[in-house]
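Hello,

Here is the structure we discussed. My notes on it follow below.

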Amino acid sequence: AAYMALIQEAVEESAAEHWVEARSLFREAQEVYPNARALRGIGMTSYELRDYTGAYWALSAALSETRRALDFEQRAQVQALLARVNLRIARFTVAHLGEQLAVTVDGIRQTLHPEGYLLMTTGEHQVTIVLTDLRRVTGRLIVRGGEEGPLPMEPLAPELEPGAVAEAATR
């Protein structure tokens with residue numbers, strides 16, 4: 001009953017284009033009863049809020065969730081929206097850099113997708129990756145959308161690290 005009340009209110013807020021409120025209600029519903037249809041609502045409202053990485057996570061999860069699974073029409077709708085989301089994000093792998101302690105984009109710590117890639121929205125971003133040997137990989141990156149593959153950054157050689165350069169300069 002609590003789930004259905006939350007879903008009903010979320011649908012009403014969506015119809016009124018109150019996306020923040022609707023997404024919040026879909027998230028509450030997902031906590032009460034996790035299922036594909038609530039994830040679909042989260043993904044759709046995230047898209048309307050231009051939270052494309054949030055939309056990607058929720059829509060992808062909705063396609064694989066078996067509880068209250070999507071019907072054929074809902075699945076087709078989610079797949080079409082996910083295709084639009086994919087044009088607004090990039091998926092970069094970071095394994096080529098080595099084992100990471102932390103990955104941040106624009107100062108916000110990121111969680112890698114279970115398949116090992118980093119999601120980023122279109123635009124210019126400051127990326128910092130701290131490797132387990134404490135070296136940092138940093139740089140600015142412009143994401144145009146639809147990119148996939150290794151993050152186009154490389155760690156500095158140890159002799160080019162700022163500390164090593166400063167030490168060499170003082171000698």
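Glu-9, Glu-12, Glu-28 and Glu-31 form a patch of negative charge on the surface. Helix H1 (2–15) and helix H2 (19–32) are the elements that give two or more residues to this patch. Patches are made of residues with over 30% relative accessible area and no salt bridge, with like charges joined within 9 Å and nonpolar side chains (Val, Leu, Ile, Met, Phe, Trp, Tyr) within 5 Å. A salt bridge is a side-chain nitrogen of Lys or Arg within 4 Å of a carboxyl oxygen of Asp or Glu. Helices are DSSP runs (H or I, at least four residues), numbered from the N terminus.

This is a predicted model: local features need pLDDT of at least 70 and side-chain atom pairs count only at pLDDT 80 or more, while totals for chains, interfaces and linings use all residues. Residues are numbered from 1 along each chain as its sequence is written, and side-chain values use heavy atoms, without hydrogens and water.

- Glu-9 is in helix H1 and is partly exposed, at 37% relative accessibility. Buried means under 20% relative accessible area, exposed over 50%, and partly exposed in between (1.4 Å probe, protein chains only).
- Ser-14 is also in helix H1 and is buried, at 18%. Beyond its neighbours within four places in sequence, Ser-14 is in contact (heavy atoms within 4.5 Å) with Trp-19, Ala-22, Phe-26 and Thr-45.
- Tyr-3, in helix H1, is buried at 8% relative accessibility. Not counting residues up to four places away in sequence, Tyr-3 touches Ala-29, Val-32, Tyr-33, Asn-35, Ala-38 and Arg-68.

Regards

Terms used:
Accessible areas come from the Shrake-Rupley method with a 1.4 Å probe; for residues, only the protein chains shown count as cover. Lys and Arg count as positive and Asp and Glu as negative; His and the chain ends are not counted. The place of a charge is taken as NZ of Lys, CZ of Arg, CG of Asp or CD of Glu.
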